[in-house]
Amino acid sequence: MSTYRELLTEATRTLARAGIPTPFLDALLILSHASGLPKEALLASYPEPVPPETRRTFESLLARRLAGEPVSYIRGLKEFYGLTFHVDRRVLVPRPDTEVLVDAALTLIRRDPAITHIHDACTGTGCILIAILTHTPRPLTASASDVSEEALDVFRENASRLLGTVPPHHRSDLLSSVPGRFHLITANPPYLTEEEVAVMKASGWPEPALALASGPDGLSHIRRLIPQALDHLVPGGYLICEHHDAQADAVAELYREAGYTHVRHLPDLAGRRRATLARRPL
Ligand SMILES: C[S@@+](CC[C@H](N)C(=O)[O-])C[C@H]1O[C@@H](n2cnc3c(N)ncnc32)[C@H](O)[C@@H]1O
């Protein structure tokens, strides 16, 4: 019977040979999931034999990783902004890049006490809104929207578990069916090109194309959202939109063309412009 150490070493080698970039971490997280042992307890159990049932579960989960499924879908969860979100094939896995947007939203909320009413469009797991509502310094009224009913199911599940309540939410093409006006709208819309997503899908990428693809230049959603959001913001209200660094100049131009003021890029720690913030004129 193999020990935990032997099983991990063997799995790490198999994943590395298959070109998985983080083979030890992936093997550790999958074994932790299969055994029900936290990572730290697993490392402490190195010399102990792995029960046959755990080994069978581990091997079937490892096969899914080797077939290209992300660890987050295999575990059914992903950490974001210090919170653990349920994820599965109905939603995009939250990315650390999106924490830039949450940081900026929380900074605005802390600085401007007039911000009390917020909306998160293209919400997916709800990671942006739920992170904001968990860390806000004062109560906010909040709502969310997504065009995908399946994504809204995941949003409801995460909000109920992490907030203890489910904020109002709407199935909506961008903001078209969202009632009300807000002091702050956040959005991480799809922003890859159709061609990029076709290549990813052909290689077996499991995330929903609906969460990724946005027309021939990746800007179809943002091009509609920016002018549309003006009607959903109070005067002086803010829109923060995530995008790729290479799209930052085009996005700033879209904000200016629509009449926004105070257009400002939000860089990540590496200096990449991962989101842009602007205000509806007063
Ligand atoms: C890039 S994911 C972002 C998910 C989540 N906010 C996050 O940051 O991880 C984009 C989301 O937009 C949704 N979506 C795609 N097209 C949409 C549209 N036309 N209107 C509203 N939501 C849309 C997708 O279902 C998906 O949940």
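## Ligand contacts

In this predicted model, an N or O atom in the side chain of Asn188 lies 2.8 Å from an oxygen atom of the ligand. With the ligand taken on its own, its accessible area is 590 Å², and the protein covers 96% of that area.

One of its oxygen atoms is 2.7 Å from an N or O atom in the side chain of Asp146, while a ligand nitrogen atom is 3.4 Å from a polar atom of the Ser172 backbone.

## The surrounding shell

The ligand is surrounded by 21 residues, of which Cys122, Asp146, Asp173, Leu174 and Asn188 are the closest. By residue class, the shell consists of 11 nonpolar, 7 polar and 3 charged residues. Helix H7 (127-135) and helix H10 (220-230) each contribute at least two residues to this shell.

Cys122, one of the closest residues to the ligand, is located in the loop that runs between strand S3 (117-121) and H7. Its phi is near 55°, which is a positive value in a residue other than glycine.

## The annotated span

An unreviewed UniProt entry carries the annotation "domain: Methyltransferase small" for residues 116-197.

Is His262 buried or exposed? With a relative accessible area of 58%, His262 is exposed, because exposure is assigned to values over 50%.

Methods
Residues numbered from 1 in each chain as written. Predicted model: local features only at pLDDT ≥ 70, side-chain atom pairs only at ≥ 80, totals over all residues. Heavy atoms only, no water. Near = heavy atom within 4 Å. Polar contact = N/O pair within 3.5 Å; in protein donor to acceptor, adjacent residues only side chain to side chain. Areas by Shrake-Rupley, 256 points an atom, 1.4 Å probe, with all protein chains shown as cover. Helix = DSSP H or I, 4+ residues; strand = E, 2+ residues; numbered from the N terminus. Nonpolar A, V, L, I, M, F, W, Y, C, P; charged D, E, K, R; others polar. UniProt positions renumbered as here; feature names shortened; annotations may be inferred. Buried < 20%, exposed > 50% of the residue type's maximum accessible area, 1.4 Å probe, protein only.
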